[in-house]
Structures are given as structure tokens and as C-alpha cells.
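My notes follow the model.

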Amino acid sequence: MMYKTLTLWKLGILLLSLVGAYELNHFPENFVVAKMNDLKPVTLTCKADVDVDVTWKLSGDVIEKDQYMENYQQDGPNLNVLDVEHPMLGEYSCWSGEKLLSSTYLLLEAEEERDLDSLITCWAKSYDCTFNCNWISKKYTAVRLGLGNDCSERRKSCQWVIGSEQANGVIPFELSHSLSSYAEETTMLVVTIEAINSETILRRTKRFYLRDIIKPDTPQIVRCQKVGEHQLNVSIDPPSSWSSPHSFFTLEHEIEYEMKNNGQLERSVSALIPKKISKLRVRSRDPLVLSSWSQWTPWKNVTY
């Protein structure tokens, strides 16, 4: 009879979770992470004096005494959760009579099979004090990023950046760093990613040098001037977001152009190109670190 009661309780909680008993679209103030098939008990702390008689609830329902034999163990006001399974995940709260003392979520560590680079991409428009990242998975309902060891070591002093999903499902982030633009880069940036849904949390760390994620914005085509009978000189300005002075932070430009006589496309890293072309476009990169190329400018028709 006892076994049947416990089985029905687990089944009921599981059915509630399947129909979406709660939607965790934010990071709760308190949460504890368990690992599947980990035999070590998970301790949930109640903010109460040791001698206070408390009642624990899961998702608002009182945990009955007969459930303790298989799944729980009370240690003073605290609760030890044994052999964590999906029906046991959710919000736990401890009460003294009708008074809520504290609450915490029990989440399961996600076993994400995909490579981290398929979930998040980062790039920097320049060597200035910010860089950007895009989260591109819809599996999780809330995502946050943190920069530095405070976040990778999960200290309370971590300054998390919370993302907001855009119309295309991508969650963009902008992070600030304190690296010098002029000094040789010897320290990696350490980005900690946490993604959460109603039952699980994914925690990953991504490390890279700023120089490895440089991708300039699109440059600007200023003018095309005839040089002699057969050539054009293309004047190009760096994007407004690129680091200055431009004499120190140089850019290499590549020009793609279409030949007027046969429509063939050709490319050049020289500003001097053939005169007999119908249109051109330009992209840029940092030649010192061989950064990623920027996006191409729109095609520009050439008339003279």
C-alpha cells in the first residue's frame, strides 16, 4: 500500500510537469543543481532556526510524511533530496505554519549534446571595451552571460547580463571588458553561459582572446577616381565603430568587382582596379591578426 501511494504521488507530479505546471522564464534568486544518477543527496537550505518546526512544499503541495521514506530526509529545518528524478524537480519552499521562510528551485544539470559553438557565437567590432554574443538555441527559456572568474567560479559577486529574445529567436548580448587596446593581449576572456528552463540548467564556459573574435563592421566606399586611361582608385573609409587612431589600428580592404565586357567577378586587395567594370563592393579585416572579414558593402554601380 505504501509503495502504491508513493508511485501515484510520483505519477501525479510527473503529469503536472508534462502539462507545464510552471514556466521558469527567469533565474530564481536561489537554486540548487543536481546531477542525474548521482547518489549523493542534494541539500535544500531553509532559512530558519534549528529548533523551528518547518513544513516543506514542492510546487505548492505539502510533502507528506510517507514520501520521506523513499525520497527525502529532513535534517533540522533543511531537506535532503535523495536520488533526484524528474518528478522531484521544481520549486521547494519551507514554511512555519502559514509563514513562508524561504524557497529554492531544484534543477537538473543539462546534458547538452551539441557543441558550444553551435549554441553561441561571439565577435568584436573593434578593440574597444565591448564585444557581442548571440545565443541561438530555443530549448531554454532564460539565458544569461557573465564575464570573468567571478562568474566561472559562480561567486555571488558575478555581474550577470540577462538577454532578451528577439523576433528571430536569437538572444543578443553586449559584454564589457577592461583589456587595453594598445597592450599585447596575454589574458583570455572567460565567458560563462547559463541557460535555464523549467527543469534543467546548462552551464558552460567559453574562453578566447579578443583578437580571435575581431570582425569589423562594413566599411564605407567614399569615391572612385580615374587614374590614367585604364585604372580606378577606390577610396575606402573604416567603419565608424572601428578603433582609432586608424593609423595604429589599420584595416586591409578587399574589393570585388564585375568586369563590364564579360560579367566575370574578380577580387583585389589593392585600391587600384581596372577601369572597365560595371559595379563593385568592399569588405575589410584586421591584417595583423588575420581577423574575420566584415560583411560586404552593398554593390555600387560604377559610372564615369
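I looked up R267 first: its relative accessibility is 44%, so R267 counts as partly exposed. The model is a predicted one. E254 has 11% relative accessibility and counts as buried, the cut-off for buried being under 20%.

I then checked the pair. The side chains of E254 and R267 meet in a salt bridge at 3.8 Å, N to O. E254 sits in strand 18 and R267 in strand 19 (residues 265-268), so the bridge ties together parts 13 residues apart in sequence.

I looked for other bridges; the structure holds twelve. One of them joins R144 to E194 at 2.9 Å, N to O. R144 is in strand 11 (residues 142-147) and E194 in strand 14 (residues 189-196), so this pair ties parts 50 residues apart in sequence. I found both R144 and E194 buried.

Another joins R285 and E252, with the closest N and O atoms 2.8 Å apart. R285 belongs to strand 21 (residues 277-285) and E252 to strand 18 (residues 252-259), 33 residues apart.

Next I turned to domain 1 (31-108) and domain 2 (116-212). How many salt bridges cross their interface? I found zero. I did find three residue pairs in polar contact between the two domains. Domain 1 and domain 2 bury about 610 Å² between them, 61% of it on carbon and sulfur atoms. Of the area domain 1 buries against domain 2, F31, L107 and L108 supply 62%.

Definitions and conventions
Residues are numbered from 1 along each chain as its sequence is written. This is a predicted model: local features need pLDDT of at least 70, side-chain atom pairs count only at pLDDT 80 or more; totals for chains, interfaces and linings use all residues. Side-chain values use heavy atoms; hydrogens and water are left out. Domain bounds come from an automatic or database domain assignment. Buried area is the accessible area (1.4 Å probe) that two parts lose on being put together, summed over both. A salt bridge is a side-chain nitrogen of Lys or Arg within 4 Å of a carboxyl oxygen of Asp or Glu. A polar contact is a pair of N or O atoms within 3.5 Å; within protein, one must be able to donate a hydrogen and the other to accept it, and residues adjacent in sequence count only if both atoms are side-chain atoms. Helices (H or I, at least four residues) and strands (E, at least two) are DSSP runs, numbered from the N terminus. Buried means under 20% relative accessible area, exposed over 50%, partly exposed in between (1.4 Å probe, protein chains only).
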